[in-house]
Each structure stands twice: as C-alpha cells, then as structure tokens.
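The sequence and structure are shown first.

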Amino acid sequence: MQMMSRSNNVLRRGLHCAVLCLAVFGLVGAGDPASRFNALGHQLMCICSCGQVLLECNHVGCPDSDGMRNELSAAIARGDNDSLILQGFVQKYGPTVLAAPTTKGFDRTAWIMPFVALVLGFGVVVLVVRAWKNRPEPAIAGGLRPTSSAELDQFREQARKETDL
C-alpha cells in the first residue's frame with residue numbers, strides 16, 4: 001500500500017513539473033507589446049540609408065521609419081512571434097535590415113573574424129616583443145668592442161685632466 005502511494009506521489013510530482021515546464025516555455029514569448037516592440041525595433045535597421053537602428057532614426061521627415069514602425073506594431077498586434085516578424089522584414093527589405101548578422105552560413109564569419117583578428121594581433125605583438133628582446137648587441141664598425149660605463153667615466157676623467165689649462 002505504501003509503495004503505491006509513493007509511486008502516485010512521484011507521478012503527481014512529475015505531472016506538476018511537466019505542467020510547469022509547459023507553462024514556462026509557452027509563456028516565454030509572451031510579454032507586453034511595448035517591450036516586444038522595443039526589443040524588435042532595436043534589432044532592425046532603418047532602410048533610409050541613415051545607418052541607424054529603426055527606433056532611433058532621427059531624420060526629419062524620414063520616408064521609411066514611420067512605415068516600418070507601423071508594420072512592426074501591426075505584426076505584434078497580429079500576434080506573430082519574433083522570428084516570424086524578423087523573417088518578414090528580411091523578405092521585404094533584404095538581410096541588411098537586421099542590425100546584427102545571423103549566426104548561419106556565411107554571416108557566421110562576421111561573428112568569428114573579430115576574434116580571429118584579435119588573437120592574430122596578440123600573436124604578432126608577442127612575436128615583435130620577443131624579437132626586440134632577443135636581438136643581438138649592435139655591432140660596432142671596425143670590430144671594436146663596446147665600452148662599459150666605468151671605462152667611459154675613466155676616459156672622461158682623463159680627457160678632463162688633459163684639457164685642463
């Protein structure tokens with residue numbers, strides 16, 4: 001009898017966890033429309049060639065930003081999910097409408113290359129510093145050896161004595 005109640009408890013807990021997980025994952029995209037509009041508007045670029053994010057385009061009389069904002073708010077009001085909205089904008093305006101490149105295909109290089117360049121830059125700096133550190137003493141013409149500072153002081157003192165009148 002006790003064994004059956006334990007299995008019922010385990011089953012009930014499992015069912016509760018499943019319902020909770022479904023609720024969490026089902027409501028992940030749900031949020032107030034203003035925050036979705038703000039988030040999606042900052043993922044899109046204005047197509048008026050100003051180079052600004054859609055919600056921050058500040059051209060007076062911009063012919064494109066108002067229409068794009070209206071399209072975005074209409075798509076949110078229809079209940080489209082975020083990826084569908086972004087795909088619709090890409091289909092209509094092209095891939096340059098996205099503020100950041102995708103992480104698929106050739107666009108992946110836009111994410112990888114800055115890190116590769118950084119690592120290569122550090123490598124070049126390390127090699128240059130090692131080369132400067134390990135370079136040989138400069139050769140003096142005529143095969144003379146470099147003099148130490150003590151010898152130079154002695155020569156200066158001798159020159160001072162000999163030129164004293």
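A crossing is called left-handed if the near helix is turned anticlockwise from the far one by less than a right angle, and right-handed if clockwise.

## Model and confidence

The structure is a predicted model. The mean pLDDT of the protein is 81, and 78% of the residues score at least 70. Confidence is lowest in helix H1 (residues 2-26), where the mean is 63. Helix H5 (residues 108-133) has the highest confidence, with a mean of 93.

## Packing of H3 and H4

The crossing of H3 and H4 is right-handed. Helix H3 (residues 65-78) packs against helix H4 (residues 82-93) at an angle of about 145°, and their axes lie 10 Å apart.

On the H3 side, the residues that meet H4 are Met68, Glu71, Leu72, Ala75 and Ile76. Their counterparts in H4 are Ile85, Phe89, Lys92 and Tyr93. By class, this contact comprises seven nonpolar and two charged residues, with no polar residues.

Asp80 is located in the loop between H3 and H4. Because its relative accessible area of 17% falls under the 20% cut-off, Asp80 is classed as buried.

The side chain of Asp80 makes a polar contact with the side chain of Arg78, at 2.9 Å. When neighbours within four places in sequence are left aside, Asp80 is in contact with Arg36, Ala75 and Ile85. Of these residues, Ala75 and Ile85 also take part in the contact of H3 with H4.

Terms used: Residues numbered from 1 in each chain as written. Predicted model: local features only at pLDDT ≥ 70, side-chain atom pairs only at ≥ 80, totals over all residues. Heavy atoms only, no water. pLDDT = per-residue confidence, 0-100. Helix = DSSP H or I, 4+ residues; strand = E, 2+ residues; numbered from the N terminus. Axes fitted to C-alpha atoms, helices over the stretch in contact; angles between N-to-C directions. Contact = heavy atoms within 4.5 Å. Nonpolar A, V, L, I, M, F, W, Y, C, P; charged D, E, K, R; others polar. Buried < 20%, exposed > 50% of the residue type's maximum accessible area, 1.4 Å probe, protein only. Polar contact = N/O pair within 3.5 Å; in protein donor to acceptor, adjacent residues only side chain to side chain.
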